[in-house]
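Thanks for coming. I will go through one structure today and keep to contacts, cores and the ligand site.

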Amino acid sequence: MRRKIIAGNWKMNKTGAEAIELAKALKVKSVNIERADMVICPPFTALYQTAEIIKASKIKLGAQNVYWEDSGAFTGEISLPMLKDAGCEYAIIGHSERRQFFGETDETVNRKIQKVTGSDLTAIVCVGETLEQRKAGDTERIINTQISNGFAGITQEQMKRIIIAYEPIWAIGTGMTATPEQAEDVHLFIRNLIKSLYGAAAADMIRIQYGGSVKPDNAAELLSQPDIDGALVGGASLKADAFIEIIKAA
Ligand code: PEP
């Protein structure tokens, strides 16, 4: 039985003071939650403050991005040692907004996965199709390409440090959630793909999150699907009550 994992992607929201306030509220409200793993991913500038608040709680810290070199002349980038130093245990890789607005490709995603899975952090690797691709019946082909190229050279051992987030781009921040059936279909496709690439044990072990307008009122149905092992939550993770409701739905 895979343990569910709910991660909150705060995106470019929350100053240091605002992050502290939200983290404090989450810490208090999550005290009795045992059933799911919880991760929050503040912006880089709020990682240290947030880590300080959640250190004596069950909530783990994640980053929204990472660069594959450890240090050097890479203006504006943040390295894995920096994330570790800030207290991160997870890093989101290849979010669709990074692919869409910041030129991330399956190749850069691959380099980042290589980096993170070679450490003791866990990579949350995002994949997903656009509305046009779905309408054209291309969803599975797109996901296949993103995973086959993004995971090139990744070993079975490294797979233990990977969570996949299936995030249909048309459902992110739009209020248009995938139906539980639509999401489950793709999750099962992904699990079968992992089985063909890494074997049955890896496929059975890997956790696949759904992301795209997950809210307290649709979380339970999505999370009850057999191949949905958690959620990557954007908008609803910015409010403590809504995020906790989603975690409770797991
Ligand atoms: C996301 O950004 O990963 C996401 C799923 O956003 P939202 O929940 O706001 O759709």
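Which residues does Gln64 touch, not counting residues up to four places away in sequence? They are Asn9, Trp10, Lys11, Met12, Cys41, Pro42, Pro43, Ile92 and Arg98. Before going on, note that this is a predicted model.

Gln64 itself sits in the loop between β3 (59-63) and α3 (80-86). One is the backbone oxygen of Lys11, which the side chain of Gln64 reaches at 2.9 Å. The other is the backbone oxygen of Cys41, and it lies 2.9 Å from a polar atom of the Gln64 side chain.

Lys11 takes us to the ligand. A polar atom in the Lys11 side chain lies 2.6 Å from a ligand oxygen atom. So Lys11 has its backbone oxygen in reach of the Gln64 side chain, while its side chain has a polar atom at that distance from the ligand, if you take the polar contact cut-off of 3.5 Å.

How many residues surround the ligand? There are 14, and the closest are Lys11, His95, Glu167, Gly173 and Ser213. For His95, an N or O atom of the side chain is 2.8 Å from an oxygen atom of the ligand. On its own the ligand has 290 Å² of accessible area, and the protein covers 97% of that. Sorted by class, the shell contains 8 polar, 4 nonpolar and 2 charged residues.

Now the nonpolar cores. The largest one has 70 residues, and those with the most contacts inside it are Ile6, Phe151, Ile164, Ile190 and Ile194. Helix α9, residues 180-198, gives the most to this core, with 7 residues. There is also a second, separate core of 11 residues, with Tyr90, Ile124, Cys126 and Ile163 among them.

Back to Ile164 for its neighbours. Beyond four places in sequence, Ile164 is in contact with Val125, Val127, Ile147, Phe151, Ile190, Ile194, Ile206, Arg207, Ile208 and Gln209.

Asp106 belongs to helix α5, residues 106-117. Setting aside neighbours within four places in sequence, Asp106 is in contact with Arg99, Thr145, Gln146, Asn149 and Gly150.

That is the list. Questions can go to the discussion.

Notes
Residues are numbered from 1 along each chain as its sequence is written. This is a predicted model: local features need pLDDT of at least 70, side-chain atom pairs count only at pLDDT 80 or more; totals for chains, interfaces and linings use all residues. Side-chain values use heavy atoms; hydrogens and water are left out. A nonpolar core is a set of buried Ala, Val, Leu, Ile, Met, Phe, Trp, Tyr and Cys residues joined through side-chain atoms within 4.5 Å. Buried means under 20% relative accessible area, exposed over 50%, partly exposed in between (1.4 Å probe, protein chains only). Helices (H or I, at least four residues) and strands (E, at least two) are DSSP runs, numbered from the N terminus. Contact means heavy atoms within 4.5 Å. A residue is near a molecule or strand if one of its heavy atoms lies within 4 Å of it. A polar contact is a pair of N or O atoms within 3.5 Å; within protein, one must be able to donate a hydrogen and the other to accept it, and residues adjacent in sequence count only if both atoms are side-chain atoms. Accessible areas come from the Shrake-Rupley method with a 1.4 Å probe; for residues, only the protein chains shown count as cover. Ala, Val, Leu, Ile, Met, Phe, Trp, Tyr, Cys and Pro count as nonpolar, Asp, Glu, Lys and Arg as charged, and the others, Gly among them, as polar.
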